[in-house]
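Dear colleague,

Please find the structure below, handed over for your use. My findings follow it.

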Amino acid sequence: MALWNDEDAFRTLFYDFFSPLCVFARRYLESIDDCEDVVQEVFYRLWKNRTQLHIESSVRNFLLTSVRNACLDTLRRQMAEENWIVHLQEHKKEETDTSDFYTTHELEELLRTALGKLPEPIAETFRLNRFEGKTYAEIADEKGLSIKTIEAYISKALRLLRKELKDYLPFFVGFLG
């Protein structure tokens with residue numbers, strides 16, 4: 001058909017059908033931008049494949065069918081993307097819920113149990129340093145001990161806690177430094 005190799009004829013076809021096809025696409029798609037994209041893509045494929053096309057019906061019917069199919073493809077793709085996003089959000093929420101519970105409840109209990117295995121002066125020194133943020137010098141002054149003794153207590157506490165909590169170390173990074 002001579003129309004398919006004639007740029008002016010194709011341009012006329014585009015200008016005559018673009019707006020009505022966008023209105024037609026709106027039956028399927030909510031976004032006007034998506035409608036325009038679909039119609040432009042249909043015209044692009046029409047021009048690109050113009051030498052291989054054999055349209056049996058009218059050009060109008062061919063364009064309507066092409067736009068409808070492209071809209072349905074777009075809807076399927078959007079639904080797949082939305083389902084994937086929902087899946088990722090649910091998965092992330094499960095991970096967050098699990099890790100939040102794990103870090104706030106069970107890990108505190110594990111730490112409390114491990115600290116209970118330490119002699120009380122060492123455990124108390126560790127609590128003052130790591131939980132209350134006191135410096136070695138402040139603890140030494142408060143307890144009437146030397147800074148070297150406080151350093152030794154903290155070092156001993158960290159060794160035991162690393163051993164006791166070895167399976168949970170990733171959760172305590174920085175804390176058991």
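Phe131 is partly exposed, since its relative accessibility comes to 45%. Please note that this is a predicted model. Phe131 forms an aromatic pair with Phe126, in an edge-to-face arrangement with 6.2 Å between the centres and 85° between the planes. Phe126, by contrast, is buried, at 0% relative accessibility.

On confidence, the mean pLDDT of the chain is 83, and 83% of the residues reach at least 70. Helix 2 (residues 32-48) has the highest confidence, at 93, whereas helix 7 (residues 169-172) has the lowest, with a mean of 62.

Because Phe10 is in helix 1 and Trp47 in helix 2, the pair ties together parts separated by 37 residues in sequence. Phe10 is buried, at 11% relative accessible area, while Trp47 is partly exposed, at 24% relative accessibility. Both rings also belong to one aromatic cluster, together with Phe14, Tyr15, Phe18 and Phe43.

In soluble globular proteins, nonpolar side chains tend to be buried together. In this model the largest nonpolar core contains 20 residues, and Leu21, Val39, Phe43, Leu63 and Val67 have the most contacts inside it. Helix 1 (7-25), helix 2 and helix 3 each contribute at least two residues to this core, and helix 1 provides the largest share, with 7 residues. A second, separate core comprises 17 residues, including Ala114, Ile150, Leu158 and Leu161.

Val67 is located in helix 3 (residues 59-116) and is buried, because its relative accessibility is 0%, below the 20% cut-off. Beyond its neighbours within four places in sequence, Val67 is in contact with Leu21, Phe24, Ala25, Val38, Val39 and Val42. Leu63, with residues up to four places away in sequence not counted, touches Leu13, Phe17, Leu21, Val42, Phe43 and Leu46.

Yours sincerely

Technical notes
Residues numbered from 1 in each chain as written. Predicted model: local features only at pLDDT ≥ 70, side-chain atom pairs only at ≥ 80, totals over all residues. Heavy atoms only, no water. Helix = DSSP H or I, 4+ residues; strand = E, 2+ residues; numbered from the N terminus. Buried < 20%, exposed > 50% of the residue type's maximum accessible area, 1.4 Å probe, protein only. Contact = heavy atoms within 4.5 Å. pLDDT = per-residue confidence, 0-100. Core = buried A, V, L, I, M, F, W, Y, C linked by side-chain atoms within 4.5 Å. Phe/Tyr/Trp six-rings, centres within 6.5 Å; stacked < 30°, edge-to-face > 60°.
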